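The exercises below work through one protein chain. Each task is followed by a solution in steps.

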Amino acid sequence: MDSPFTQYFNTNYVPSDEQLTAIRGIISRGEEALNHTDQKIHGSMAGGMGELDFEELRRTGEAQGERIDNDILTTIFLEVLDQRVVETRRGEPYSLIISPKHPGVVLSHVCQRWRGAALSTKPLWRHLRVWIPIYPSSLAAQDTWRAKVAKLVEMTREWISRSGTRHLSVEINEWSSVLFRRDTGRAFINECSEFHEFVDVLCSSSARWKSLDMEIDFPQARFPNFPTMRLLSMPLHSIPMLTNVRLHCKVDRQRRDGLGVVPTSTILSAPTLRSLELGCGVVSQDIVKLPVVWSALEHLVFLGYESPRKLNAVEALQLFSECPNLVTCYIPLRNGADVPTSRAPISLPRLRELSLFSDRAHIAKGFAPSLILPSLRKLVLNDSGSYSSDAHEANGLVEFFERFGFTLEDVRFSCKSLSPSALHYALQHLPNVSSLGLITNNTVVSERLSAKLDNDFLVDLSPTFNRANTRITRLPLCPRLEVFSFDTGGSTLAERALVNFIQARRREVIVEDGMEVARLREVDCGGYRFRDINPVQALRRQGIDVDSGDFSLKNWSS
């Protein structure tokens, strides 16, 4: 669609009234075509990439013809790509795989004009998501595997070419690591020219790598020359853009043999590295000894050494001391001594999100007071340890709320290891939290002493009103709460009390004397199955609008 105003682009020309009318008409027709085409594409793709209605897409492309400018087509194509990226992050691993089902391929097959637009949209091809075919476990399967790898080489080279000079997101996965259950195929794989060519093609694009994600076996200790290991040892000058690295090992625990799989990986030394994720067992040695420029790191996910080895509180603090510029962090904790009170606190001035996971431990007392986190806004404490005392003074978990509660806005933690009074005390320190998640499926010494999502607790989270229900007379815990989630792990819930809590938090009242409570927008029930009531019907009976879209009750059944 050629514009009659092309000659005036990038100038200071002021259009006349007649020209303004013409411009509005062009914009209106473009928006109409954009909305129509956008609906058709997303409607055709609603069933997944494997169920696309190609004929419908073809008719849409031909019907719109020259009504849609190439810039608008590009916008639609990139929106489709972004949708697939989101699906991939949600656990749908095949949305962006290099294959005929890739959104770029699908869109380029609609019609000739769409093909031209898709091939010229370089960002559409910036994801190199590759699944290595299942390694052959017999001589009879080797020729077939070689042919699949040759096809993969061809397609990977085409993707790299179509992406132009764009930064690349590279992801390498294996369908299985059957090769390493038996050593029968080692010589064939190591000598397979097609497999070496595949790695060569990937390495040839390393100057444009923005992120590298590998979820494969790491066999270099047994097979030092295995082709995929070259991806971990790229020369630093060949990866000038590498910002994100994610490494997960697919080898099961019995076959790791205590091997540290990336102790000398050169990609970890990249000075541009800002985000690092290491899966469980990828590292067996002291993590701080890895050749990472820790002071430059902003995002860290470390899932621990070989199970059950995790960091204790002192080791975690040592890691923090190496990473003064962290913005987000996820690490696992194990049992260990409390942190000495004489230890100097560590400052992480930029840290906004911290997640600590301890599956069979409690958070050590003194850990929180050893940190200075002025920017902390999100805190996840998945502590499944056991406490027999209800004294919050002895609880390292509660220390986090005492120290950082005022700045926190998003909190999720295991509350069953607390007594009801300790939970109440903890929530008193969260006046600005807008999102609260409670986990009650962990093990405790005494079920009788542990906190529950019972009537008393939900009453504490609910405001008290005057007789006319028009004014608040007592503020609840967490007065700014808008999103509430819970996971009972199969335990019972005070179902009617939950409905009353929602009704109280949704009520519109007159605000005076600072008695203001945020309106609840969402409750996530964590898959809870209601036994006594249907919560939606109960809320409707109490006059709560659950259909307009400004409130959501989700992940429940009855």
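**Exercise 1.** How many bridges join strand β5 to β6, and do the two run parallel or antiparallel?

Some conventions come before the solution. The model is predicted, so local features need pLDDT of at least 70 and side-chain atom pairs count only at pLDDT 80 or more, while totals for chains, interfaces and linings use all residues. Residues are numbered from 1 along each chain as its sequence is written, and side-chain values use heavy atoms, with hydrogens and water left out.

*Solution.* 
- Step 1: Helices (H or I, at least four residues) and strands (E, at least two) are DSSP runs, numbered from the N terminus; strands pair if DSSP finds at least two bridges between them.
- Step 2: β5 (residues 275–278) and β6 are joined by four bridges and run parallel. Leu-278 has Phe-302 in β6 as its bridge partner.
- Step 3: β6 also pairs with β7 (residues 328–332), in the parallel sense, over three bridges. Here His-299 is partnered by Thr-328 in β7.

**Exercise 2.** Describe how β17 and β18 are connected.

*Solution.* 
- Step 1: β17 (residues 522–529) and β18 (residues 552–557) pair in the parallel sense over five bridges. Glu-522 stands opposite Ser-552 in β18.
- Step 2: With helix α14 (residues 535–541), the two strands make a right-handed β-α-β unit. Right-handed means that, with the strands pointing away from the viewer, the path from the first strand over the helix to the second runs clockwise.

**Exercise 3.** Which residues touch the most other members of the largest nonpolar core?

*Solution.* 
- Step 1: A nonpolar core is a set of buried Ala, Val, Leu, Ile, Met, Phe, Trp, Tyr and Cys residues joined through side-chain atoms within 4.5 Å.
- Step 2: The largest core has 144 residues, and Phe-320, Phe-367, Phe-400, Phe-413 and Phe-484 touch the most other members. Helix α6 (residues 142–162) gives the most to this core, with seven residues.
- Step 3: Beyond its neighbours within four places in sequence, Phe-484 is in contact (heavy atoms within 4.5 Å) with residues including Leu-436, Phe-457, Phe-501 and Glu-522.

Notes. Buried means under 20% relative accessible area, exposed over 50%, partly exposed in between (1.4 Å probe, protein chains only).
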